[in-house]
Amino acid sequence: MAAPSETERLLGRGPGYGTAESPAVAEEEELRRRLKYFFMSPCDKYRARGRRPVKLGLQLAKILLVTVQLILFGLSNQMVVTFKEENTIAFKHLFLKDYVDGADDSYAVYTQRDLYDRMFYAVEKYLAVPNETIGRYAYVRGESGGNQSSLMLCQQYYRKGRIDPANDTFNIDPKIVTDCLGVDPEDPQPLPPELDRSYKNFTLKFHKLINVTIQFKLKAINIQTIINNEIPDCYTFTITITFDNKAHSGRVKIRLDNRADIKECKDPSVFGRGDNSFRLFFDVVVILVCSLSFILCARSIIRGLMLQHEFSRFFQRRYNQNVCLSDRMEFLNGWYILLVISDVLTVLGTIMKIGIESKNFASYDVCSILLGTSTLLVWVGVIRYLTFFQKYNILIVTLRVALPNVIRFCCCVAVIYLGYCFCGWIVLGPYHVKFRSLSMVSECLFSLINGDDMFVTFAEMQQNSYLVWLFSQIYLYTFISLFIYMVLSLFIALITGSYETIKHQCEGEAPVSQLHTYIAQCKDSPKSGKYRRDSASSCSVFCCCERAPLQDNALLVN
């Protein structure tokens, strides 16, 4: 701000207030009144112009609709995930010999005989699916006219590979060759395994073998969706069993991967159930409400930018001064931007949800991210209306004041944190399971900051090398001491300091920006009637109709 005399010149009402005013003064008073109305709460805007808080009611309705929609989609998605996971467990027990639950990391073979045994076991169980499985599965035949079979048994190996550990020599051609054998079940019923053993002649090239894969497809129907009054889904499971030998360490790891494709069943028939018309109607209502919210919030953003431009031009023309950046940003309402983003995500997620329920899409993950993020933003957006109350506004104001210092502090801490990550990965990685990759190192260190798994992290350190063990002790003790006793304490101190600053401002006289000082010169209360565009009285279901009394010092705006 300028000197006091300049302040009075800029912000004063000028001589002759209460009498006939010049057009310039009337224009300035009208602008002040519009600025004050722009920054009013929804209740004050209702008192000022009698306009009901439509956006507030719309946001409350949207919260209810979006939350109900998310719950319904979550229940449906939960059945899909459960059906896929339970089928995956069933496939592991069916096609992996001697499989035990929870043994995925340790399930492996170490001899050639065991590898052949488990490979042929999976093929035999595939051929016996209609006769042995409890679940109702059907084969997916190969493409008509093509060379694809129902089951493909493939091995990948180096085109040329000769390894002689005795003489410490080797000769490798890294080009990878794929050799496949197709196996088809007989129609209508597969032959017993003892009558069809052509796949038994499949010979593996162990000296240059990279991996062996068995891939086939099975069909199934998820009829449990009838519980939620949904049409059952038809699934096509693509099962891939991989015998991984790329490490050539003598240990061939075995894993089973299952990918599910969902599509609409042909001619579904469910007596008394399976009508999705209500869900479709509900989704359409959500799209309409979110579209209306998008239009209203976008309109408010545009109006704020237009008012900012008008105020900046007026201030430059009247006082030959530029409005500072912080004051200009006051017109850009971040809450409206948040709501606009949530509306866009909700509409996109709802369209994908409709496509999933009509079996035209199967992207459950993408739809879950869109709907989950939009619901989060919608609920966070409610805080905007709590900020109009001083006691509830303390959280948002504290975060806004502390955020710049917190970001700068986190940037400095991130440099130290990354240094510890790289150091731990390269030094402790070969000797500690929690330091095998950069992502695992970051997860481990973040857990240590929060006091989790401290003893386990120390205890699992291998003592094969005394030098590395000694380094690990120094590494862990310095990290824990630095980040728990210093970094976290400073981080909390930043937040606490900002809170105390805001608290003292609330108790005393808070500093006011140039913009709000300018607006404060407008003494017209929301009930004065000077904010109305016409002279009509306002009526509502909450109060009686009343006309604002004519005041002697009313401004005459031309």
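1. Which residues form a nonpolar patch on the surface? The patch consists of L305, L325, M329, L332, I337 and I341, which together have about 490 Å² of accessible area. The elements that contribute two or more residues to this patch are α8 (325–329) and α9 (334–357). A patch is made of residues with over 30% relative accessible area and no salt bridge, where like charges are joined within 9 Å and nonpolar side chains (Val, Leu, Ile, Met, Phe, Trp, Tyr) within 5 Å. Accessible areas come from the Shrake-Rupley method with a 1.4 Å probe, and for residues only the protein chains shown count as cover.

2. The basis of the note should be stated here. The model is predicted: local features need pLDDT of at least 70, side-chain atom pairs count only at pLDDT 80 or more, and totals for chains, interfaces and linings use all residues. Residues are numbered from 1 along each chain as its sequence is written, and side-chain values use heavy atoms, with hydrogens and water left out.

3. L325, a member of the patch, is found in helix α8. With a relative accessibility of 55%, L325 counts as exposed. The term exposed means over 50% relative accessible area, buried means under 20%, and partly exposed lies in between (1.4 Å probe, protein chains only). Helices (H or I, at least four residues) and strands (E, at least two) are DSSP runs, numbered from the N terminus.

4. Two helices may be checked for their span. The expected span is 1.5 Å times one less than the number of residues. Helix α7 (residues 277–319) has 43 residues and should span 63 Å; its end C-alpha atoms lie 62 Å apart, which agrees. Just after α7, N320 takes a positive phi of about 55°. Helix α10 (residues 364–381), with 18 residues, reaches 25 Å from its first C-alpha to its last, close to the expected 26 Å.

5. Helix α10 also has buried residues, namely Y364, C367, L370, L371, S374, T375, L377, V378 and G381. The elements that cover them include α4 (54–95), β6 (233–244), β7 (252–264), α9 and α11 (383–386). Contact here means heavy atoms within 4.5 Å.

6. Strand β3 (residues 151–164) pairs with strand β4 (residues 169–183) in the antiparallel sense over 13 bridges. Two strands pair if DSSP finds at least two bridges between them. L153 stands opposite L181 in β4. The two strands β3 and β4 form a hairpin with four residues between them, and D168 in the turn has a positive phi of about 55°. Strand β3 is also joined by seven bridges to strand β5 (residues 209–222), and these two run antiparallel. Here L151 stands opposite F216 in β5.

7. The structure holds eleven salt bridges, each a side-chain nitrogen of Lys or Arg within 4 Å of a carboxyl oxygen of Asp or Glu. One of them joins R118 to D98, with the closest N and O atoms 3.7 Å apart. R118 lies in helix α5 (residues 112–127) and D98 in the loop between α4 and β1 (108–109), so the pair ties together parts 20 residues apart in sequence. R118 counts as buried at 14% relative accessibility, whereas D98 is exposed at 57%.

8. Two further salt bridges deserve mention. D173 and R159 have their closest N and O atoms 2.8 Å apart. This pair links distant parts of the chain, D173 in strand β4 and R159 in strand β3, 14 residues apart. In the other, K125 and E132 have their closest N and O atoms 3.0 Å apart.
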